[in-house]
Amino acid sequence: MGDVFEIIFYRDEKGVSPVREYIQALPQKQQDKIIAYIDRLVQFGFTLKRPAADSLGGGLGLYELRPDRHRILYFFCRHKEVILLHAFMKKTDAIPKREIEIALKRKMNYLEREVSK
């Protein structure tokens, strides 16, 4: 068994976790599937590949977890932390730019608040 990664749900300044709220709003069966994917991410981290996960490329440092049509955008921090930034239902082939922008904004916010202390 390799190193285990720590999952951190991004929280905004008010303490709200958008990814946790997204997951909790889904039917139980879909929640279970997403949690199983997150468990695989804990276990495999960087080595988790398609179809379960993929890098978004473009030098953004963002990755996507891919349970069914759900997408959870995340990044790796301090080598062993996985920060879950944004979740949405994928309706088109490409990930909408707006969804990536939300994740990038949260990533910058997280790094400013949590890492640059």
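Reader: How do strands β4 and β5 pair, parallel or antiparallel?

Author: Here's the general idea: strands of a sheet pair through backbone hydrogen bonds, in either a parallel or an antiparallel way. In this predicted model, β4 (residues 70–77) and β5 (residues 81–89) go antiparallel, over 8 bridges. Look for Phe-75, which stands opposite Ile-83 in β5.

Reader: And in what order do the strands of the open sheet come?

Author: Read across and you get β1-β5-β4-β3-β2, 5 strands with mixed pairing. β1 (6–9) and β2 (53–55) each have a single partner strand, so one side of each is left without a neighbour in the sheet. On average, neighbouring strands are turned by 30 degrees against each other, ignoring direction.

Reader: Which strands does helix α2 touch?

Author: Helix α2 (residues 28–44) packs on the sheet against β1, β3 (63–65), β4 and β5, with its direction at about 25 degrees to that of β4. Helix α3 (residues 97–115) lies across β1, β4 and β5, and runs at about 150 degrees to β5.

Reader: How many aromatic pairs are there, then?

Author: The structure holds 7. Take Tyr-63 and Tyr-74: their planes are at 20 degrees, and under 30 counts as stacked, so this pair is stacked, with ring centres 5.6 Å apart. Tyr-63 sits in β3 and Tyr-74 in β4, 11 residues apart. Phe-75 and Tyr-110, by contrast, are edge-to-face, with 75 degrees between the planes and 6.0 Å centre to centre. That pair links strand β4 to helix α3, 35 residues apart.

Reader: Is Phe-75 buried or exposed?

Author: Buried, at 2% relative accessibility. Tyr-110 is buried too, at 6%.

Note on methods:
Residues numbered from 1 in each chain as written. Predicted model: local features only at pLDDT ≥ 70, side-chain atom pairs only at ≥ 80, totals over all residues. Heavy atoms only, no water. Pairing = 2+ DSSP bridges. Helix = DSSP H or I, 4+ residues; strand = E, 2+ residues; numbered from the N terminus. Axes fitted to C-alpha atoms, helices over the stretch in contact; angles between N-to-C directions. Contact = heavy atoms within 4.5 Å. Phe/Tyr/Trp six-rings, centres within 6.5 Å; stacked < 30°, edge-to-face > 60°. Buried < 20%, exposed > 50% of the residue type's maximum accessible area, 1.4 Å probe, protein only.
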